[in-house]
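Please walk me through this protein model, one feature at a time.

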Amino acid sequence: MQRRSRGINMGLILLLSQIIQVGINNIPPVTLATLALNIWFFLNPMKPLYNSCLSVEKCYQQKDWQRLLLSPFHHADDWHLYFNMASMLWKGINLERRLGSRWFAYIISTFSLLTGVVYLLLQFGFAELMDEPDYRRNCAVGFSGVLFALKVLNNHYCPGGFVNIWGFPVPNRFACWAELVAIHFFSPGTSFSGHLAGILVGLMYTQGPLKKIMETCAGYSGYQNHPYGRPGYTEVPRNYDAYTAGLSEEEQLERALRASLWDRGNTRNSPPSYGFHLSPEEMRKQRLYRFDGQ
């Protein structure tokens, strides 16, 4: 394993600060394990990013299918990790308490694999339809394909209301699509297909046959009436505004993005935006995209 050593990782520090403020005991076990796993792989990547990112060329043409398992849990830099895991923290708390830990772990595992498969299908389709071979070489890492799928679930279980996206109120049912477009235009280098794949997987679960298929394979229902899946557990109301300053998840991430841009703009000899170097030859052969979650 190769350990990253680029000085102070402000994104990682900010993420750990949020986890501490929420309180480890207040984070459901599967959500906490997912956060820990992503942080561990960021600090101790199993493989370099070029050997773990997901692309049609690497997976399908070169038969390197292990990338389907590796790519969601590797991140390009500390701010990429922060955006995704801050989003995972809130989505995980809400959904795991609603669905139970066992089913939520099943969802995370299934979505992590399935979003990668759908991403490959989308990239292959775009390459064929547009006659553009670069789509087969575009390589992506990050957890936000899964996060977009979880966003669809969260909006499905909590319909109604509005969210603030870049200063505009958007109805919950359209939030995923608005974020897909906003991120594509305002955050260059992110993977449109990766985020779209997550939305499609989420819709397959909420509107399609995926949930029934998962229930059939697991042999039990995917909805639990008790938080954390434990009968007798009583959830204690908590005032999350004490450490979020009353900001929504989208507003928190928007502020973090501004901090990220400031941090990069005021760092001399800063590394490339995504935390690794590309030789001219590599630039010609392959693009690397990241999945940034909202």
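Start inside, with the largest nonpolar core, which has 57 residues. A nonpolar core is a set of buried Ala, Val, Leu, Ile, Met, Phe, Trp, Tyr and Cys residues joined through side-chain atoms within 4.5 Å. Buried means under 20% relative accessible area, exposed means over 50%, and partly exposed lies in between (1.4 Å probe, protein chains only). Met88, Ile107, Phe111, Phe143, Leu150 and Tyr205 touch the most other members of this core. Helix 5 (residues 78-99) gives the most to the core, with 12 residues. Helices (H or I, at least four residues) and strands (E, at least two) are DSSP runs, numbered from the N terminus.

A word on the source. This is a predicted model, in which local features need pLDDT of at least 70 and side-chain atom pairs count only at pLDDT 80 or more, while totals for chains, interfaces and linings use all residues. Residues are numbered from 1 along each chain as its sequence is written, and side-chain values use heavy atoms, with hydrogens and water left out.

Next, look at residues 103-122. UniProt, in an unreviewed entry, places the feature "transmembrane region" there. UniProt positions are given in the numbering used here, feature names are shortened, and annotations may be inferred rather than shown by experiment. In the model, this span is 100% helix and 0% strand. Its end C-alpha atoms lie 27 Å apart.

Now the cysteines. How many disulfides does a search of the whole structure find? It finds 1. A disulfide is a pair of cysteine sulfur atoms within 2.5 Å. Here Cys53 is joined to Cys139, with 2.0 Å from S to S. The link is right-handed, with 90 degrees about the S-S bond. Cys53 lies in the loop between helix 2 (29-43) and helix 3 (56-61), and Cys139 lies in strand 1 (residues 139-141), so the pair ties together parts that are 86 residues apart in sequence. Both Cys53 and Cys139 are buried.

Cys59 is buried, at a relative accessible area of 0%. Cys217, by contrast, is exposed, at 61%.

Turn to charge. Side chains of opposite charge can pair when their charged atoms come close. A salt bridge is a side-chain nitrogen of Lys or Arg within 4 Å of a carboxyl oxygen of Asp or Glu. The whole structure holds 4 salt bridges by this search. One of them joins Asp64 and Arg67, at 2.7 Å from N to O. Arg67 counts as buried, at 3% relative accessibility.

Another pairs Arg137 with Asp134, at 2.4 Å from N to O. Both residues lie in helix 7 (residues 134-137), 3 residues apart, about one turn of the helix. Arg137 is partly exposed, with a relative accessible area of 23%.

A further bridge joins Lys151 and Glu179, at 3.5 Å from N to O. This pair links distant parts of the chain: Lys151 is in helix 8 (residues 144-157) and Glu179 is in helix 9, 28 residues apart. Are these two side chains buried or exposed? Lys151 is buried at 5% relative accessibility, and Glu179 is buried at 2%.

Move to the surface. Trp166, Phe168, Val181, Phe185 and Phe186 form a nonpolar patch, with about 580 Å² of accessible area together. Patches are made of residues with over 30% relative accessible area and no salt bridge: like charges are joined within 9 Å, nonpolar side chains (Val, Leu, Ile, Met, Phe, Trp, Tyr) within 5 Å. Accessible areas come from the Shrake-Rupley method with a 1.4 Å probe, and for residues only the protein chains shown count as cover. Helix 9 (residues 172-186) gives the most to the patch, with 3 residues. Val181 sits in helix 9 and is partly exposed, at 43%.

Finally, check the backbone. Most residues other than glycine have a negative phi, and most peptide bonds are trans. Lys63 has a positive phi, near 60 degrees. Lys63 is in the loop between helix 3 and helix 4 (67-70), and is exposed at 53%. Asp131 also has a positive phi, near 55 degrees. Its loop runs between helix 6 (101-130) and helix 7. Asp131 counts as exposed, at 66% relative accessibility.
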